[in-house]
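Please keep the sequence and the structure in view while reading.

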Amino acid sequence: MRHRLHLLLPIIVLGFAALAEASIERLTLRQMIAKSDAGLVGEIIATKVIAVPLDDGGDELTFTELTIEGADLITGDAVTVTVSYPGGVLPGDRGSYNSEAPSQDDVKLGNRVLAFYTWTDNLGGGHATNELHAWHGGLFRTFTDKQGRVVVQGRGPGYAVSRNMRLADLGDLARAHRKSLDAEAERTTGK
Amino acid sequence: MNRLVLGFLCGVLAIGVRRVPGETLLELPRAGDGATLAARAAILGLVALALALSKRTWSGRPGTPLLFGAALGVWVEGLPVDLRFNGTSAMVPLALVALALFVLRDRRAEAEPAPETNPPGFAPAALLIGAGVTLLLDPLVRVVLRFGAGTGMEAAFVGGLFLLLATFGGLAFGAPLRAARDRAGSLAMVVAGLLTAPAALLSWGALRGQAIPPLARREFLDRFDLDRSLEGQLSVLGVVAVLGLLLPAFTAGLSVTCARRRGEASSLAGGAAIACALLALRWVEQPWFVGALVLAAAAPCALVNARAALKGRSRVALGVLGLIAVLTALPLRHMHTLDRSPVLPWERFPSPPGHLEVNRDGQFLVRRARGGIAQVLLDRVEIAPSHERAAADAKRLELALGLVPAAARADGFEVLLVGQLTPGRAFLMNTSGVTRVDRTAAWWRTMDDLETRLFQGQTEITPPVGEVVAPGVAEKRLAAGAYDLVVVPAVKGGPPPRAPRLPEVEGTIVVAWIDASLDLAQRRLPEYVLVTLDGMHEPALALVSGLELDEQPAAPDMPAFWRSGAPIDAPGVREYGFERGEDRDRRARSALMRRFAQAYDNSPWEELTAGLAAHFEAQVRSSPWADRAVGSELVEPALTHLLAAGARAQPDRLTREVWDGLADILIGKRDVEGIWRWVEPLAGFWDDWKMGEIALALADLESLDVEAAAARLAPIETTPADLELYDHHRRARLKLAAALRDAGDAQGAQDLVEELLREDPENRRAWGLLAPVPPEEPEEHLAPPEDGQDDG
């Protein structure tokens, strides 16, 4: 088995899951809430890179796992979830970098983040996990301003959180979207 | 055993004589190889003499142990890094003495030498073979060495490997030819030598097909479980060297093995010496072609001089092989096209190919990058900076120009640039009162061509008055006091240079920059050096003469000179042979900062040096998609020291530079809490810290306090000449304009946008803010922002 660091272009990404090119899904907040299982606001309490061997005996796949302890964005329930995304580097130059992964600054231990995730039975190599939805597009850092309010840092147009918002406002918006989506689903089911 | 010892001494001498960058000031960017070749020619001449005089050591016995001994000598002397990088080795005079004693001992021995069984007459042919093989190998070895990292130890590695392969060739093929040797004298020596011509042709073909094209190289390396990201390491260099040198090594080794007479062995070495001398004098433009012809001439030479020893079939064989060598010369004549094939260094994100020029100075590659800035590589060493390093280069040059006294600057002053003139450097000098710029360096013969190419298409920047001169001429002019300033820009890559002794000329200031990514921590340095950083990314130090070197500068905008401290941390073969380039760069910077920290333990610069040492120690390899800010590690111990260093009302220039860099990183990371924790206290100490105020304004915008951001940005004034500061100021104002618009203050946004458009009418982002806010409609896919894209 070859263990080497692939530092070349997004060709790496072609080895993973469903994407055919190096880009992520453009989503509004409403769409993110619709497509993901949940959003979680909390602190990254653990990070780990794991290697999953492929059945054909070829190269392994690496995944980064973040354990986040906090509260559900919509319900406020306490929850601890481990989310994953493809890519990650192990000692000895094993693994690969993923161009669509959150940056190292985003996933530092102790960071407080908002993460959207979706369960998948197979993120790659048979690895079943809560996938960080849209990878770096599903993770947003937060900070506390001088008045003690939590602010979620937006990533720009096309991202679920495009501009900075106070968490309280974002939570309200998320709940409103959830309610609307549930009502829509009921109407569709009722038909 | 005697031949083994003799070979060992020859190997030490052959590789131990070398020039490294920094032997003289004018060789700081790059060492001229003419002197090294000339010295090697002299050494080979001495070896030839020693072989001729060593009656008992050589006569009648194969030369394979000599080859093996030479391989050992080359590796023992050439691979240990701390020996390697200090110019001509101290082992050379010892080896010369040992060689002399060896020859004396040999001649004084009482026993009679073994009779030389083979008939004479092949020595002249051996001379031609030695010369021809050396000429043929020179371009092959140059191309192979381009696959190394340019650290300087590759020559020893490849040379030793070649000799080892030659040993194997002699052992493997020498035995079957034993009967031929005995019967036909040294015919086999000549035959083997002649076969080097087609062997070289095959090697060229192998390199051209499998190693030079990037895709083919990837497949080739894949067979050995290697990949292109390991290029520059000895593992990759080794397999490429075997590919390119195996066959010529076998034939050359066989030739040496079959040289049974000491006259022949001596002539082989003598021929090699002559070839080295011709190459040193640059009298051979196409060594591959000339080498094949010289080899071919060995056939008629042997036919004439050794006819008594040759029977009918031998003569025919010799004639045929001579003809083959001549015919080989014809395709070899076109090898300049292969020699011109670029061996591009591995890059995470390959740059577009550029213009390639290959000549005796080396392989030059001129590539246009972002912003129209052209990078120039000379055998993988960056002699004109890429876009990434252009700002750092400009700051260093500006600093050097600023050291010239104001009175001299007002009247116009003259500069000697030891390095490559670029439009950026010319612009700075033209606008700083420089009236004449002479240029020189080891590659001076190619400089005019490079300048023509670099200035092509430039309408606003012209080369300054001045000329390209040979180093000898520059040295004379410098000694005569013709220049007010001598500046040596830093190069990136190559072996760590020595710190040259700077000339002390009345009225001349010398500033010689060395990039901190070259292992300087181990070097002997002058007592005081000038240190600069481009933010926190591109540290460099400068050797300076012609000025009072003040540790505590008189004014806040003056640079301070740091004590260089004692050498530490000499890396070994493992670091140089098997480290990735970027890892080596990080280690070198960290070691240098640690050296400064040790020099300033318990003294006024303690906090700053300790902070920098901790910062550079903390840097690790990052994702290739991380930009400079995101890829930088900020650690609390470093920041604590650096905050303590800055906590006074009048910071010096370097401390400000450090904190500008840290603020830049914190902005890039969008680390709002970090800005409040580390930048805000200092902004309270320092008057007029624009970078700090911009960082705090951006933090206000992130926390949705638009009013506070506007209040901070309002009094700040910058101009494009402020480079990155202006860039940050512009981006901050764009973000403020967008925030004002979103908050409903359309007039405030409009006023700000108009101000930005007056500064730069082509600012796309500003124009975009004048348009109505479009509704957010999702598209199917969003390509993430590209690295470095202007985000406002």
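In the predicted model, A:Ile68 has A:Val81 in E5(A) as its bridge partner. Strand E5 (residues 78-86) of chain A runs antiparallel to E4(A), and the two are joined by nine bridges; strands are said to pair if DSSP finds at least two bridges between them, and both strands (E, at least two residues) and helices (H or I, at least four residues) are DSSP runs, numbered from the N terminus. E4(A) and E5(A) make up a hairpin with five residues between them, and A:Gly76, located in the turn, has a positive phi of about 80°.

E4 (residues 61-72) of chain A also pairs with strand E3 (residues 38-52) of chain A, in the antiparallel sense and over twelve bridges, and here A:Ile50 has A:Phe63 in E4(A) as its bridge partner.

B:Arg670 is buried because 20 other C-beta atoms lie within 10 Å, whereas B:Leu704, with 19 C-beta neighbours inside 10 Å, counts as partly exposed. The cut-offs are 20 or more other C-beta atoms within 10 Å for buried, 12 or fewer for exposed, and in between for partly exposed, with C-beta atoms placed from the backbone.

Residues are numbered from 1 along each chain as its sequence is written, while chains are lettered from A and ligands numbered from 1 in the order in which they are written. Because the model is predicted, local features need pLDDT of at least 70 and side-chain atom pairs count only at pLDDT 80 or more, whereas totals for chains, interfaces and linings use all residues.
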